2 protein chains.
Amino acid sequence: MNATEQCKQSEQIQLPFGLSEYAQRLERTRQAMLERGLELLIVSDPSNMYWLTGYDGWSFYVHQCVLVSLERAPIWFGRRMDGNGAKRTAYLAHDDIIGYSDDYVQSSELHPMEFLCQEVIIPRGWQRSRIGVEMDNYYFSAAAFAALQYGCPDATWQDATGLVNWQRAIKSAQEIAYMRIAASIVQHTHQRIYEVIEPGMRKNDLVAQIYQASIAGVAGHGGDYPAIVPMLPTGKDASAPHLTWTDAPIPDDSVTFFEIAGCYKRYHCPQSRTVYLGQPPQVLLDAEQAVIAGIDAGLEQARPGNTCADIANAFFKELRRRGFDKDGRTGYSIGASYPPDWGERTMSLRPQDKSVLQPGMVFHFMPALWDAEWGLEITEAIHITANGAEPLCSTPRQLFIKK
Amino acid sequence: MNATEQCKQSEQIQLPFGLSEYAQRLERTRQAMLERGLELLIVSDPSNMYWLTGYDGWSFYVHQCVLVSLERAPIWFGRRMDGNGAKRTAYLAHDDIIGYSDDYVQSSELHPMEFLCQEVIIPRGWQRSRIGVEMDNYYFSAAAFAALQYGCPDATWQDATGLVNWQRAIKSAQEIAYMRIAASIVQHTHQRIYEVIEPGMRKNDLVAQIYQASIAGVAGHGGDYPAIVPMLPTGKDASAPHLTWTDAPIPDDSVTFFEIAGCYKRYHCPQSRTVYLGQPPQVLLDAEQAVIAGIDAGLEQARPGNTCADIANAFFKELRRRGFDKDGRTGYSIGASYPPDWGERTMSLRPQDKSVLQPGMVFHFMPALWDAEWGLEITEAIHITANGAEPLCSTPRQLFIKK
């Protein structure tokens, strides 16, 4: 299929980005491959597959990948029945969508990656190439790698974890537009939470409202599923950052944080806020002020030329000055994603990360505090512009109190 | 900490199962380890971690595991901040909850599995053991295995994919009770879909209703998040089984299938139904009759002593007799699960699978038909009892037609 035919075919499906944007992404990826001496790249991360080709489906529970070479168009490889989904969502030529049969699904005898070697890699003469694999991706299991090594014993394997993710760090205008829609959705959802939360409400009923608000969406834009479900631990449970929910009622005089995201066309805008039902104890009010001052200090540093570490250090310093302590990371790069993580898995806002900030990068600045008895999350998604940090949401930056 | 203290401590948290049930599960797992000559098992599958210890949190986007040895109590290993979640949800002694610092999170320099070797495996003298790892689990990446091999060069590694999953195949009374609640939730959700769906409704608004119904739950039992988001492709898109949703309106004279699940305490009851808006074409009505007859034929075979293959073959035979063709698998074992898959990843209903059915097993019998122009899903979750198959739901088994 030539470029015109491919173009014609892809007009029939609704791609989230224009073909020229996909061409640029491919070019950037190939450049990174050349720099590392890679002749072939096996892309297993669903968000990278989506970013490169448009492929979008909940099929990552079986083995699948996109193959990027230096010359020919990318190849989608996955379960045969999901090939139909690739035809419906990716710009690829149908000949470049290759499926394996159901015998290979969750079988202890047959592995899809052996099929990939036999039917795709070897017939195209790539079996002695230098091949990049995303060694530390969720969907590239130890068995997948073993099957590739077995099926292509003469290939040279190189860890390419994050190679594509890094190409995604600076967003295009269309990507920022989608993230702004996601931002409007998460902002709307926090409003809904504040409107409906009350003592005695079962937590799952509140979650039902969160889903309703975030999927119905805003201003005609329907919400997509975020890569993480709502997390909303209360009280002592809020000392644990990643608990989800139960059907127990929310007690009076309690603090609950809400770590949620808006999602539009797989682009995420996470934002957390915290709600106290009743009169908060002084320690929480002090923590609120410390976090807000810390965010201000971090935002001040969030400008092109500075580093991820600058944001984190400014935040931690302000926090310590006010008597609170936190270590670890306080944010990460965001963009398109699939479960189980809405982060981009490249840059982290932490003292060790010297990545230089550039216009078009977007981070979830996530200055959460988790104490043994409570948790407080007031966070911002920030867009790095030439003039500094632009928060994507205008949700009031405070501890919400409802009496 | 001795058994009494551990018991006391775990009274303070709400475990989904009694301590004696966890003891039995551990015993069954150790028996399977002994049969394979394993001295240590590294359990990375979140559903296995949950089943063995009660640990429940959305933390599987970072490396974590449960270590099962033949003598001592299981150890939870994960990100330090998630250790709080382990204390809140697992029955384990707090000394057996071991965390790594945030430096190890999504870092290109430090890997949590190296920390596991240095701080957990080697200090306990397991570094020369025969160690089982879940090679083909989503959350056991190629890099995780490489880090273990590097950190414990004298260990012998054995693939233990599915070892724990197989111990889960026969459900306890309490597990069946949870699955019945999940069944009532999915049945309620299908009712809601039928009530609210209409031509012109945006798909995302329907999804918002699906979430509302399934999370609010039934009869005082709040719904948990299913391991897969709702899938509801319409028309030609329904030829692709794993597309999720858009914000486009549902057209008149169109067919949409709904692949959804109820979930309660992580136990799933998936069930699919299909809705036609308008007067369905004859081919769909014929397909409906073929699928219903195929289900009857399969259910007839779904009794102790028969095999998974017997169900699949009976279904396929009936389908072919009526002029429809399908290959591949037509169902799988179900139980507790986490994203990205609500299957148990052991038995499949397919001709190659000779696993013998036993009372207490539960399957999603999934006789879907995907044509190039449409898809039809009418499926049942079935419980194998001494007397044969018991469908967990009583949702009418038909193509729903709404005019």
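**Figure 1. The interface between chains A and B.** In this predicted model, 73 residues of chain A are in contact with 73 residues of chain B. Contact means heavy atoms within 4.5 Å. Three residues of chain A, A:Trp58, A:Tyr61 and A:His242, supply 12% of the area that this chain buries against chain B, more than any other three residues. The two chains bury about 5,900 Å² between them. Carbon and sulfur atoms hold 54% of that area. Buried area is the accessible area (1.4 Å probe) that two parts lose on being put together, summed over both.

**Figure 2. Chain A as a whole.** Chain A has 11 helices and 16 strands. Helices (H or I, at least four residues) and strands (E, at least two) are DSSP runs, numbered from the N terminus. The radius of gyration is 23 Å, close to the 22 Å that the globule rule gives for 403 residues, so chain A is as compact as a globular protein of that length. That radius is taken over C-alpha atoms, and the rule is 2.2 Å times the number of residues to the power 0.38. Along its principal axes, the C-alpha trace of chain A spans about 70 × 45 × 40 Å. Of the 403 residues, 66% count as buried. Buried means under 20% relative accessible area, exposed over 50%, and partly exposed in between (1.4 Å probe, protein chains only). Among contacts in chain A with a separation of 6 or more, 69% come from residues 24 or more positions apart.

Figure 3. B:Gly57 sits in the loop between α3 (46-53) and β2 (65-69) of chain B. Is this glycine buried or exposed? B:Gly57 counts as buried, at 4% relative accessibility. Leaving aside neighbours within four places in sequence, B:Gly57 is in contact with A:His242 and B:Tyr338. A:His242 is also one of the three residues named for the area that chain A buries against chain B. The C-alpha atoms of B:Gly57 and B:Arg350 are separated by 33 Å, and the two residues are 293 apart along the chain.

**Figure 4. Helix α4 of chain B and its cover.** Helix α4 of chain B takes in residues 80-89. Its buried residues are B:Met81, B:Asp82, B:Gly83, B:Gly85, B:Ala86 and B:Thr89. What covers them includes β12 (369-370) of chain A. From chain B, the cover includes α3, β3 (75-79) and β4 (97-100).

Figure 5. Most residues other than glycine have a negative phi, and most peptide bonds are trans. A cis bond joins A:Pro339 and A:Pro340, with omega about 15°. In chain B, a cis bond joins B:Pro339 and B:Pro340, with omega about 10°. A:Pro340 is in the loop between β9 (331-334) and β10 (343-348) of chain A. B:Pro340 is in the loop between β9 (331-334) and β10 (343-348) of chain B.

**Figure 6. Positive phi at B:Ala219 and B:Arg345.** B:Ala219 is not a glycine, yet has a positive phi of about 50°. B:Ala219 lies in the loop between α9 (203-216) and β7 (254-264) of chain B. B:Arg345 has a positive phi near 65°, and its place is in strand β10 of chain B. B:Ala219 is exposed, with a relative accessible area of 72%, whereas B:Arg345 is buried, at 18%.

**Conventions.** Residues are numbered from 1 along each chain as its sequence is written, and chains are lettered from A in the order in which they are written. Local features need pLDDT of at least 70, side-chain atom pairs count only at pLDDT 80 or more, and totals for chains, interfaces and linings use all residues, while side-chain values use heavy atoms, leaving out hydrogens and water.
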